[in-house]
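Please keep the sequence and the coordinates in view while reading.

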Amino acid sequence: MDSHNVSRMPHLHREGDRIRLIVDGEPRVLLAGEVHNSSSSSLTYMERSWDRMVEIGCDTALVPVSWEQIEPEEGRFDFVVLDGLLAGAREHGLRLVLLWFGTWKNASSSYAPAWVKRNLARFPRAQVEPGVNKDAITCLSRDAREADARAFAALMGHLRAVDEGTHTVLAVQVENETGLLGGARDRCALAEAAYRAPVDLALSAHLLQHREDLVPELMTAWTSSGARAEGTWPEVFGEIAAEAFMAWQVGSFVGAVAAAGKAEYALPMYANAWLRGPGQAPGVYPSGGPLPWVRDLWQAAAPSIDFLAPDIYLPAFRDICAEYRWPGNPLFIPEAAIAVAPATVFHALAGADALCFAPFGIDGEFDWGPLQETYRFLRGMLPVILEYQGTGRMVGLLQEREAFQSFELGGYRLTARFHRSPEAPGLPGRGLVVALGEGNFLVAGADLDLSLEPRSAAVGQVEFLRIEEGTYEDGRWVPGRWLNGDELHLRLGPELCARRFSVFLR
Ligand code: DGJ
């Protein structure tokens, strides 16, 4: 790769706390969608998936590429389907994020090629009960790690050859929802030996180096076991030893696969997580997956992974976004529940600075009209969203359990009162507010009233100078009516709409 191509390649630009995805030299936010698991195995099937994504207004498609499809026999690679996916995306004006379904797909190895699945001696399985093989290869298998890494490197090498000049592919997800189901840790023979052995030196070094800023759950477990940097897993990590062990082993495996791929073609790479449901124990959700409380282990084990990403199907959307934003980790949502996506997208982009928002099952059966309206509405506003991400001057509005959302912005106290009750069917209240400066604001969304007060009751009362309705086209405000008299309020009804307004204190 020459230096010109390297700087033009899709990459993450880190500037203080602000992390941007740079595509063709420009920052981008991806209004995306993830296709169903089996769609991208057939180019014929994908024809309607591309059309659907274009109709909805996606700019990026997240599509699986499976190990079984690219390496049907060991060492024989077949990239015909991948090349067809690139051609299909280009024809439809879409970019891609590839999802590498290698050793893990939802904690199982169902996408490994038959020559891998069948060879249990060379690629041993995880065991939760001693002697009972699972449908997942053990993360301790050195042979599996190397074979997966070779296949992934071949994929990335091919991608470099066919896409380096075009940048159809913007990023790659390495594996899918890794970890172990059915128990907190693997108990196959390899895993048993490793669990009773001393923790790796690289991990000891990380613990010592980050002893002041470890993630709280890990810090508590580690310090309650005496803050030891050496010892077996139970000795060093006490109560959370099983999950910590799995996170380190799975992270090391995924990190090795990603590093082999990056050596060929260094696109941004991430790992996605199956999240923990309320009160669940490790093993009910995949133990060792890239969850926030084991992020130090993942970071130390997999430096080639650029960030960890949540698949959000649980209701506490805002909290989950917050949990996946720590210094150095941008929010990127590869999977979001599709039914509520027309609402959650506002918080993702405007409230949590997401680089990508992708509802899962974009090419399936669902009522996609609301998502299409929302993506069209947001498309014109994306330059504004990009400008204000990371500045602290933009807030996302999303009704969860509460009747209103209050916050300070642009020198005022703002309250969004949602129109529906949280239990009512249909989309919740949603939107965004931007402080444009000097008493000027933008509010956009639906199903809410916005009101403003002074930050302190002592300083006066808020008066509107102007409210304009309008729309954004390519980031340019196209004004409509001036709202005054009976319309002098910020009421956003059931249709998405935008208002720019200015206020002062009298
Ligand atoms: C999460 C997985 O990552 C996806 O591949 C898919 O299986 C969805 N769950 C289905 O809801």
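Q: Is Phe77 buried, partly exposed or exposed, and what is its relative accessible area?
A: The model is a predicted one, and the value here is computed from it. Buried would require under 20% relative accessible area and exposed over 50%, so Phe77 counts as partly exposed, with a relative accessible area of 29%.

Q: Which arrangement do the rings of Phe77 and Phe79 adopt, stacked or edge-to-face?
A: The centres of the two rings, Phe77 and Phe79, are 6.0 Å apart, and the angle between their planes is 0 degrees. Planes under 30 degrees apart count as stacked, and the pair of Phe77 and Phe79 is therefore classed, by that cut-off, as stacked.

Q: What is the relative accessible area of Phe79?
A: Phe79 is the partner of Phe77 in an aromatic pair. Because buried means under 20%, Phe79 is placed in the buried class, its relative accessible area being 13%.

Q: How are the rings of Tyr285 and Trp293 arranged, stacked or edge-to-face?
A: Both Tyr285 and Trp293 are buried. Their ring centres lie 6.1 Å apart with the planes at 90 degrees, and the pair is therefore edge-to-face.

Q: Which residue lies over the face of Trp293?
A: Trp293 also takes part in a contact with a charged side chain, at 3.9 Å from the ring centre, and the residue over its face is Arg276. For Trp293, the residue asked for is Arg276.

Q: How many disulfides does the count come to?
A: Seen from Cys188, the closest cysteine sulfur is in Cys139, too far for a bond at 7.6 Å. The cut-off for a disulfide is 2.5 Å, and the count comes to zero.

Q: What percentage of the area that the ligand exposes when taken alone does the protein bury?
A: The residues around the ligand include Asn37, Asp311 and Phe360, and this shell divides into two nonpolar, three polar and four charged residues. Oxygen atoms of the ligand lie 3.0 Å from an N or O atom in the side chain of Lys105, 3.1 Å from a polar side-chain atom of Asn106 and 3.3 Å from one of Glu177. Taken alone the ligand exposes 300 Å², and the share of this that the protein buries is 75%.

Key. Residues numbered from 1 in each chain as written. Predicted model: local features only at pLDDT ≥ 70, side-chain atom pairs only at ≥ 80, totals over all residues. Heavy atoms only, no water. Near = heavy atom within 4 Å. Polar contact = N/O pair within 3.5 Å; in protein donor to acceptor, adjacent residues only side chain to side chain. Areas by Shrake-Rupley, 256 points an atom, 1.4 Å probe, with all protein chains shown as cover. Nonpolar A, V, L, I, M, F, W, Y, C, P; charged D, E, K, R; others polar. Phe/Tyr/Trp six-rings, centres within 6.5 Å; stacked < 30°, edge-to-face > 60°. Buried < 20%, exposed > 50% of the residue type's maximum accessible area, 1.4 Å probe, protein only. Lys NZ or Arg CZ within 6 Å of the ring centre and 35° of its normal.
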